Amino acid sequence: VAALLAATVLIASMISVEIGLSVALIELVAGVVVANSFDLDVPSWLAFLGTFAGMVLTFQAGAEVDVPQFRREWKASVSIGLVSFFAPFAVVGLVAYYGLGWDRREAEIAGLALSTTSLAVVYAVLVETGLNRELVGKRLMSATFVTDIATVAGLTVLFVKPTIWIVPFVVVSVALIVALPKGSPWFFRRYGNRVIEPEIKLVFAVLFVLMWLGDRAHSQAVLPAFVLGLVMSGHYLAHRTEQERLRVVAFAFLTPFFFLKGGMSVSAGALWANLGVLAILFAAKMLPKFGGVYPLARRYTAPHATFTTLLMSTGLTFGTITSLYGLNAGIIDRTQFSLLIAVVVLSAIVPTAIAQRYFDPRDVHVAADRHAVPAVSTASAPEGAGR
Amino acid sequence: MPFRKILVAIDGSEASDHAFAKAVELAALTHAKLTALAVEGPLPAYAATVGEVEEVKREKDAFFRGLAAAARARAEEAGVEIAVDVQPGHPAELITRVAHEGDYDLIVLGHRGHFVRDRLLGSTADRVAEHASCPVMIVR
């Protein structure tokens, strides 16, 4: 099984380079294909590796936040970000509970998984359109961060069943969040820049401790992992090489197994049998995102309100993390997991494609010029002259 | 003078190398102004981490810096003055637009690019040939 999965990961990377799609999305789909074709279950080593990779992804997501930018734009970002979280969380939760007959905890997982916004999807589109250098793009990135932190906070708070271990879990989490940014410059200076990578081992050790304590406390370590990444973001900004090394390790060995595991847990048959439910859940994510975010976007990100709203409707990593948590914790079953993952993947693709095809901000800036220039269909033209 | 301004699309592929060589040759013969346009293709669509996007962007920037430097060196060697323009965007659309806006009277490009995606939906060369407002030379 390991050899088959390693080959799958390799082929997924090659396909990603050849067709220009994110490797994570291909790994997810590859997981679905491999597991359903060979009737494979997720082996225990993959389950463990995938869970840890989810923590590393969460830490990285925190470390990638531009904190100074967020401080400058927090008013607009908080309002858009919170509405972007709460509107779909409430609507999806209610639809799942009353409409689909899911129980309260299942509905909460559904609400959380489908309330997310994908920072990475948003970032890629903003960089491509050049909007990342403008106020609109900066507000959008900060708002995405707010939605993400609301999701991880929700995941930690809603599903906690506190034991006495909650005390050391909270104390150690806070201690690490305070101490790591202060102690890491010394640690990295003394032990860093070596091929044996003590810096990465430090991060991994900290994440393992949080996972263990979170498990003992019957809680989730995603919130402290995210906040830990957040408080380390300044350090990584000043030491890009360290961040790059962490990414290399994560991309080469950890995140592929996270997405592969996610895909392997999807039942293609269950999806096929529940296409109507899939459509309902997709609408339950998209409509409140639109209803909630669009009025605020008109105020804060004009003239790109529709573009902003579509990007705030995307989701991928945190939606997958939340759904996998629900499955691993026995809160949702495989059919519910399959539906949530399918909606998450659709929400990464559909709003992004619509935003890029019909609401590209560059069209707003160059609309006048466009009339004079021969149009080339972006739907059918290739990327041949570009790398 | 048959050509005053020549636009050559470059992407580092073997086909684009041939196209570039032909464009330099033509520019030397006709004393035309030569511009090499390198189109930075799209970032990974639907990425899961900001890191993936940043790393690809960094790789692209480094790749295109090298490509631009190599194009300048090759043109200089042939005694041809060249301007190199690196822009992000959709290749066929950008090449067509730059040629139109810059009033170029010839576009030179290779018959295919680097990746499978270049062949999945028809080639950039086909698209440019169909939509360009000036003559197009497709080099094999």
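Which residues in α7(A) meet residues in α8(A)? Before selecting them, keep in mind that this is a predicted model, in which local features need pLDDT of at least 70 and side-chain atom pairs count only at pLDDT 80 or more, while totals for chains, interfaces and linings use all residues. Residues are numbered from 1 along each chain as its sequence is written, chains are lettered from A and ligands numbered from 1 in the order in which they are written, and side-chain values use heavy atoms, with hydrogens and water left out.

**First stop: two helices of chain A**

Select A:L119, A:V122, A:Y123 and A:L126 in α7(A), and you will find that they meet A:G137, A:L140, A:M141, A:T144 and A:D148 in α8(A), where contact means heavy atoms within 4.5 Å. The residues of this contact divide into six nonpolar, two polar and one charged. Now show the whole of helix α7 (residues 119-129) and helix α8 (residues 135-158) of chain A, which pack at an angle of about 175° with their axes 10 Å apart. That makes α7(A) roughly antiparallel to α8(A), a term for angles over 145 degrees, taken between N-to-C directions on a scale from 0 to 180 degrees. Helices here are DSSP runs of H or I with at least four residues, and strands are runs of E with at least two.

Around A:L340, leaving aside neighbours within four places in sequence, the contacts include A:W102, A:I109, A:L281 and A:I332.

Move to chain B, where an open sheet of five strands has the order β3-β2-β1-β4-β5, with parallel pairing; two strands pair if DSSP finds at least two bridges between them. The strands β3 (82-88) and β5 (136-139) of chain B stand at the edges, each with a single partner strand, so one side of each is left without a neighbour in the sheet. Within the sheet, β1(B) and β2(B) pair in the parallel sense over six bridges, and B:A9 stands opposite B:L37 in β2(B). On β2(B), seven of the eight residues are buried. Helix α2 (residues 50-77) of chain B lies across β1, β2 and β3 of chain B, running at about 165° to β3(B).

Most residues other than glycine have a negative phi, and most peptide bonds are trans. Select A:P303, in the loop between α14 (275-300) and α15 (305-312) of chain A, to see that the peptide bond from A:A302 to A:P303 is cis, with omega near 10°. Then compare A:E197, which has a positive phi of about 55° and is buried, with a relative accessible area of 17%, with B:H31, which has a positive phi of about 55° but counts as exposed at 65% relative accessibility. You will find B:H31 in the loop between α1 (14-30) and β2 of chain B.

Methods. Angles under 35 degrees count as roughly parallel, over 145 as roughly antiparallel, 65 to 115 as roughly perpendicular and the rest as oblique. Ala, Val, Leu, Ile, Met, Phe, Trp, Tyr, Cys and Pro count as nonpolar, Asp, Glu, Lys and Arg as charged, and the others, Gly among them, as polar. Buried means under 20% relative accessible area, exposed over 50%, partly exposed in between (1.4 Å probe, protein chains only).
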